[in-house]
Amino acid sequence: MTNKLVMATNNANKLREAREILSPLGIEVLSQREAGADCDPDENGSTFAENAIIKAKAVFEAVGLPTIADDSGLCVDALGGRPGVHSARYAPKGGECDKLLGEMKDVPDDKRGAAFRCTVCFMDASGHSEFTGSCEGAIGYEKRGSNGFGYDPVFMVGDRTMAELSADEKNSISHRGAALRELYRFLKERNGDI
Ligand code: IMP
């Protein structure tokens, strides 16, 4: 029975959200540091799935415990899907929203569609499986809200930004929430009650 997972990440926000989503389902999430791994592998894959597998493999090989890794990003229609897998490296940390607003300043309302996408890789001794989730929205015209992280202040879902939603509201519609709930269904089917 897998009720304890290690999360292959150094991103405190991803870890917090994974805990918010999985702990009510009875799954405890340990950080890679808590599990004794100090990994920061080169994320040189060209898809979210490839990068999620790279991260999960590095930590699973270090700790030998069932491991999950999340690779995610923002795909903007008007930018041909950018920044996509490069979302973490699109701008200096904290500058991503301003840079995106700049690139989008002349884009009209009906062309501002975007989606957050996430692939979660689960890896254990028997192999690995991937789970995906996405959240459709649009890029706003200014930063709003102080919850969440990354691009949340400029990502509109209805008339609020993701950063104006509560943690529960975000997790119930987010790409990460969707992918992690898929993972939960897989584990439950494979292992019986978690
Ligand atoms: P990576 O998966 O470590 O390559 O990084 C994903 C990057 O995508 C993060 O650093 C954020 O910039 C962005 N991102 C992923 N998920 C979210 C989210 O839920 N909200 C806002 N930005 C996100």
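Trainee: Is Cys97 buried or exposed?

Mentor: Cys97 is buried, at a relative accessible area of 4%. Buried means under 20% relative accessible area, exposed over 50%, and partly exposed in between, with a 1.4 Å probe and protein chains only. First, the ground rules. This is a predicted model, where local features need pLDDT of at least 70, side-chain atom pairs count only at pLDDT 80 or more, and totals for chains, interfaces and linings use all residues. Residues are numbered from 1 along each chain as its sequence is written, and side-chain values use heavy atoms, without hydrogens and water.

Now the sulfurs. A disulfide is a pair of cysteine sulfur atoms within 2.5 Å. By this rule there are 0 disulfides. Cys97 is in none; its nearest cysteine sulfur belongs to Cys135, 15 Å away. Cys121 is also buried, with 0% relative accessibility. The closest cysteine sulfur to that of Cys121 is in Cys118, at 11 Å, which is too far for a bond.

Next, the pocket. A pocket is an open set of points on a 1 Å grid over the protein atoms alone, with protein on both sides within 12 Å along at least five of seven lines; lining residues have an atom within 4 Å of a point. The largest pocket has 36 lining residues. Asn11, Lys14, Ser87, Ala88 and Lys93 lie nearest its centre.

Definitions and conventions
1 Å grid on protein atoms, 1.4 Å probe; cavity = no way out; pocket = protein on both sides within 12 Å on 5 of 7 lines; lining within 4 Å.
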